[in-house]
Amino acid sequence: MSDALREPLVDTFGRAHRDLRVSVTDRCNLRCTYCMPADFAAWLPGDHLLSVDELVEVVDVAVERGITSVRLTGGEPTLRPDIATIVERIATLSRSPRISLTTNGLRLVDLAEPLAAAGLERVNISLDTMDAERFARLTFRDRHADVLAGIEAAIAAGLRPVKVNAVLMRGVNDDEAVPLLRHAIAHGWQLRFIEQMPLDPSGVWSRAQMVTAEEILTLLSSAFDLVPADGRGSAPAEEFVVDGGPATVGIVGSVTRPFCAACDRLRLTADGQLLNCLFSRDETDVRAILRDPALSGSERRARIVDALALSVTSKRAGHGIDDPTFIHPTRPMSAIGG
Ligand code: SAM
Ligand code: SF4
């Protein structure tokens with residue numbers, strides 16, 4: 001390996017990139033209103049999706065360039081039939097990164113154990129409500145009990161700590177901040193509230209409608225004593241110790257308290273495009289490199305390094321949601337990889 005390959009992925013603002021988010025599919029078995037239209041059918045064509053070999057090669061090169069953590073996401077990553085193979089192949093790379101998964105939990109009853117055995121360390125599971133009927137309205141699927149069972153399966157498989165992500169929406173589920181945290185503490189989940197971002201499929205997101213980090217703190221403070229925990233690092237969540245601990249709660253204020261200055265993330269979409277930000281409109285095409293028959297193996301790896309470097313060096317200082325020129329990304333969240 002040349003020295004150039006070992007150079008970390010540092011952008012023009014000095015941010016070293018350590019975290020690669022890999023979307024393995026844009027498909028999903030839920031239709032969360034803030035993520036995907038209920039009647040969505042514009043799936044990526046199957047041959048556009050990276051194969052296991054292709055995505056593992058990108059991860060391998062990225063790891064050589066300093067990536068230490070890989071999060072598999074989607075769409076719903078567990079819908080990919082080869083998800084355990086993907087985990088295992090990444091876990092057995094010569095310099096394997098830490099591997100985590102973001103999932104809606106529906107398939108974890110069957111998959112938590114095989115994924116843990118394959119090398120998965122942790123899961124983030126998304127759940128916005130403790131009310132089954134509300135869940136069905138929010139996701140267009142009557143699967144609340146399956147998520148709860150999936151969370152239990154993840155805990156039983158040792159994928160701890162299980163983090164549960166909740167998006168609060170005004171007038172929809174913002175009355176559940178306190179009950180969600182009570183339930184999470186009682187069941188050993190690490191709860192994180194995430195501000196809703198302008199990634200909704202209909203483009204109707206508005207700052208005025210968004211439940212802000214400040215509001216979430218106020219809601220929680222009515223029932224709990226919250227003290228800021230130390231050491232946020234590059235983590236997006238601000239952590240708070242609840243009622244003296246050991247329980248904590250995280251609040252991800254992506255919009256009102258952006259963590260862009262410490263962002264160490266790069267994203268690979270299921271169809272092989274590198275994105276340096278959830279809100280970036282510029283994509284760097286790695287799939288074309290992976291499928292170029294004229295390239296030898298070493299040439300291909302060198303070109304992947306170039307693509308990673310290009311993506312990182314063109315990263316902007318921040319997501320720019322507050323900029324009047326901000327343009328809603330064209331891909332829905334499910335196709336970017338959350
Ligand atoms: N299907 C998996 C899941 O739901 O966990 C992984 C993909 S999903 C796109 C990843 C995360 O993005 C979920 O926690 C979801 O709640 C969050 N998400 C989706 N759309 C969002 C939005 N507009 N604002 C904030 N978070 C969003
Ligand atoms: Fe599917 Fe996750 Fe999007 Fe919900 S948030 S529609 S579970 S990809």
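## Ligand surroundings

Ala, Val, Leu, Ile, Met, Phe, Trp, Tyr, Cys and Pro count here as nonpolar, Asp, Glu, Lys and Arg as charged, and the others, Gly among them, as polar. In this predicted model, the shell around ligand 2 comprises four nonpolar and two polar residues, with no charged residues. Its members are Cys28, Leu30, Cys32, Cys35, Gly75 and Asn104.

A backbone N or O atom of glycine 75 is 3.0 Å from a nitrogen atom of the ligand, and a backbone N or O atom of methionine 197 is 2.8 Å from a nitrogen atom of ligand 1.

Serine 126 makes its contact through the side chain: one of its polar side-chain atoms lies 2.6 Å from an oxygen atom of ligand 1.

## Packing of α2 and α10

Two packed helices are described by the angle between their axes and the distance between the axes. Helix α2 spans residues 52-64 and helix α10 spans residues 297-313; they pack at about 65°, and their axes are 10 Å apart. Angles from 65 to 115 degrees count as roughly perpendicular, and α2 and α10 are therefore roughly perpendicular to each other. Their crossing is right-handed.

On the α2 side, the contact is formed by Glu57, Val58, Asp60, Val61, Ala62 and Glu64. On the α10 side, Gly297, Arg300, Arg301, Ile304, Val305 and Leu308 take part. By class, this contact has six nonpolar residues, five charged residues and one polar residue.

## Backbone features in loops

One joins arginine 160 to proline 161, with omega about -5°; proline 161 is in the loop between α6 (144-156) and β7 (163-167). Another joins glycine 245 to proline 246, with omega about 5°. Proline 246 sits in the loop between β10 (238-242) and β11 (248-252).

Phenylalanine 140 is not a glycine, yet its phi is positive, at about 60°. This residue belongs to the loop that connects α5 (132-139) and α6.

Notes:
Residues numbered from 1 in each chain as written. Chains lettered and ligands numbered in written order. Predicted model: local features only at pLDDT ≥ 70, side-chain atom pairs only at ≥ 80, totals over all residues. Heavy atoms only, no water. Axes fitted to C-alpha atoms, helices over the stretch in contact; angles between N-to-C directions. Helix = DSSP H or I, 4+ residues; strand = E, 2+ residues; numbered from the N terminus. Parallel < 35°, antiparallel > 145°, perpendicular 65-115°, else oblique. Left-handed = near helix turned anticlockwise from the far one by under 90°. Contact = heavy atoms within 4.5 Å. Near = heavy atom within 4 Å. Polar contact = N/O pair within 3.5 Å; in protein donor to acceptor, adjacent residues only side chain to side chain.
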